[in-house]
Amino acid sequence: MPTKTFISPSDLTFGWSNCHRCLWLKYNAGVSAPMTMPLVGTLSAMQESLYRNASTHELSRVLPPGRVVGAGDWVVSQPIVVNDEVTQFKVRGKYDLLTQFDSGSYGIVDCKVSSSESDKALFYQPQLEAYAFALEQPERGSAKQVSQMGLLVWAPERADGDVDRGYTFQMNACWQPIAR
């Protein structure tokens, strides 16, 4: 009997792609491999705060018109159905940004900070698809149809400042769409 019945979207990216056995152990024996991502929470909170209620065109000019309507919120899906059988498993996770387009559909945006703007869309596709599943088949509330998904990647360009004034980083941003 599995010890975990909630599937974390990030496990579909990091757990599955890194070590299938480690992922099995996490869900069946409650054993997790140590993993540290020292600045992820701090930088993610800064991105979520900056883009809260922003226009979608502030994220990327290629996105349809709309607004950011959610930042750092939790989603929980209905139980997952496999071969017409309802399982005990649900998707539960916390997305970075949720947009609502003027058309009425929604978009999932995962914020990243990376040393380069290399394309990571395929790597993160399972994670964003899991968020979309939970939004389209929510445990509670109304379903949200997800029409767009992607990564907003910040890549440091240069640093500026001094010991008296403090320091800042200039970041480039690029949009990496993820196909549904």
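Modeller: Gladly, starting with a pair of residues: T99 stands opposite G107 in β8. Keep in mind that this is a predicted model, where local features need pLDDT of at least 70 and side-chain atom pairs pLDDT 80 or more, while totals for chains, interfaces and linings use all residues. Residues are numbered from 1 along each chain as its sequence is written, and side-chain values use heavy atoms, leaving out hydrogens and water.

Biologist: How do you know that β7 and β8 are paired?

Modeller: Strands pair if DSSP finds at least two bridges between them. Strand β7 (residues 97-101) and β8 are joined by four bridges, so they qualify, and they run antiparallel. The two form a hairpin with four residues between them. (Strands are DSSP runs of E with at least two residues, helices are runs of H or I with at least four, and both are numbered from the N terminus.)

Biologist: What joins β8 to β9, and in which direction do they run, parallel or antiparallel?

Modeller: Eight bridges link β8 to strand β9 (residues 146-162), and the two are parallel. Along that pairing, V113 faces W154 in β9.

Biologist: What makes D110 a buried residue?

Modeller: Buried means under 20% relative accessible area, exposed means over 50%, and partly exposed lies in between (1.4 Å probe, protein chains only). D110 has 3%, which puts it under the 20% limit, so it is buried. D110 sits in strand β8 (residues 106-113), where seven of the eight residues are buried. Beyond neighbours within four places in sequence, the contacts of D110 (heavy atoms within 4.5 Å) include D96, Y124, Q127 and L151.

Biologist: And N83: buried or exposed, and how do you know?

Modeller: Exposed, because its 71% relative accessibility is over 50%. N83 belongs to the loop between β4 (81-82) and β5 (85-86).

Biologist: Why are α1 and α5 called roughly antiparallel?

Modeller: Axes are lines fitted to C-alpha atoms, for helices over the stretch in contact, with angles from 0 to 180 degrees between N-to-C directions. Under 35 degrees is roughly parallel, over 145 roughly antiparallel, 65 to 115 roughly perpendicular, and the rest oblique. The axes of α1 and α5 cross at roughly 155 degrees and come within 6 Å. Since that angle is over 145, the helices are therefore roughly antiparallel. Residues making this contact include P9, L12 and F14 of α1 and F123, Y124 and A130 of α5. By class, the contact has eight nonpolar, four polar and no charged residues (Ala, Val, Leu, Ile, Met, Phe, Trp, Tyr, Cys and Pro count as nonpolar, Asp, Glu, Lys and Arg as charged, the others, Gly among them, as polar).
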